[in-house]
Structure formats: C-alpha cells, structure tokens
Amino acid sequence: MENVIEIRNIIRNFQLGQETVYVLKGIDLDILRGEYVAIMGPSGSGKSTLMNLLGCLDTPTGGQYILNGNDVSEMTDNELAEIRNREIGFVFQTFNLLPRTTALDNVALPMIYAGASKKDRTVRAEEVLTDVGLADRMDHKPNQLSGGQRQRVAVGRALVNKPSIILADEPTGNLDSKTSIEIMNLFDEIHAAGNTVIIVTHEEEVATHAHRVIRLRDGVIESDVRNK
C-alpha cells in the first residue's frame, strides 16, 4: 500500500502578541491510501490545527507535508485552494450548506470550481446523492431536510470530485444518537468503497468505526493504534 499522506516533523506555532504558542511540536505521520483513521485528543491537544493542515486550510510553521505525491508545505494560497478542491472532501459538524440552494446544487458546487460542465455536474451529483440515500430529496433545500439528511448532502458534496481523502470534523456533533449511527454507517460504506477516511472526533463511539486511532496530547502524538 502507498501513502496518501506523509508528514515529517510538522510544527505549527501561532503568535499571540509577544507570545509564541507552540501547538504542534514536530509530528511525523503516514496514512496509507484506503485507511480509516480517527484523530482524537482533548481540547487544546492540537487536533483541530492538525486537521486544518491535513485539509490544506493552513500551512505549517516548519516541516514537510506530502499529499498524494504533492509537497503542499510550501504552496501559495491559490495552489492550496486548487489542491483542496481536487484532493480533499470535507465534512463539517455544521454541514456548511448553502441555504437557498437545492441538495443537487450544493453537491455539484465543488465541480464548478473544478471546471466541469453543467451536464457532467448534474450527472455526477445525482449519482452521489443516490449513493448517500437521497435520490428522492435532490430538489429539497437544506431547511426542508432533517439534520441527518443535511449531513448526507454534505457527505455527497465531499465525494463529488472523487478526492484522495475524505476529512470529517466532528461529523456527528450536531446529530442525535440514532442519526449519528446512520451517518457513521455511511462513512463505513464510503471506506468500504475504497476511500481514505479521516475523522477528527472526541467521541469514543465514533472512533470505534475507524481501523486506526491516533491520539494527540499537548501537540504530539501520544498513541497510534491499529485496531482492525
């Protein structure tokens, strides 16, 4: 198996006035293509900062990050935006859907940035919404959908460009326990279809779905366990 992610000695510091806050303190991490990984840690452990770096939403203070063969540690903002759209599918706790836009158009949005034609966007968005169980909800707007259905739209949008990794930040944080189980089952299916899935979570029951659990504490990896 080849690595889809290689991180070497990643450091991330933030300046707060005169003070330097050391958030990530030299992290080394490889994630194989097709792995299912949960990243855990208490508040302040650095897991959100690590997720922002993995998702190319931020760049490290030091160290190297290779994503799918591309060195992203030195990229410009424009290059990062391009690689983000191509290589990463995001799923957020708050769904981040456009409120006045149908499920179909929300899912198709990343394909607009990728330069796909209207016809290709529609075909692919319909295919993905069917895969996530929303074939009968394509014309609905977010306020006409339940929380679980909205998260399914968000998952569909994450999948639409066939990215290298699906990166989910507390994907069940706003859902009740029954809906959370349904969404996690959906992630299991996405992983079984061959996708690399990385979930940032503080919930142990969410992490049990992953095949590998990485725990951060105080900006370093405390443990890294493959459990399946």
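This is a predicted model: local features need pLDDT of at least 70, side-chain atom pairs count only at pLDDT 80 or more; totals for chains, interfaces and linings use all residues.
User: What does it take for two strands to count as paired?

Analyst: Strands here are DSSP runs (E, at least two residues; helices are H or I, at least four), numbered from the N terminus. Two strands pair if DSSP finds at least two bridges between them.

User: In S8, which residue is the bridge partner of Tyr36?

Analyst: S3 and strand S8 (residues 196–200) pair in the parallel sense, over 4 bridges. In S8, the partner of Tyr36 is Val197.

User: How many residues of strand S3 are buried?

Analyst: Buried means under 20% relative accessible area, exposed over 50%, and partly exposed in between (1.4 Å probe, protein chains only). Tyr36, Ala38 and Met40 point one way from S3, Val37 and Ile39 the other, and all are buried. For S3 (residues 36–40), the count is 5 of 5.

User: Which residue's side chain makes a polar contact with the side chain of Thr172?

Analyst: Thr172 is found in the loop between strand S7 (165–169) and helix H6 (177–192). A polar contact is a pair of N or O atoms within 3.5 Å; within protein, one must be able to donate a hydrogen and the other to accept it, and residues adjacent in sequence count only if both atoms are side-chain atoms. At 3.4 Å, the partner is Glu203.

Notes
Residues are numbered from 1 along each chain as its sequence is written. Side-chain values use heavy atoms; hydrogens and water are left out.
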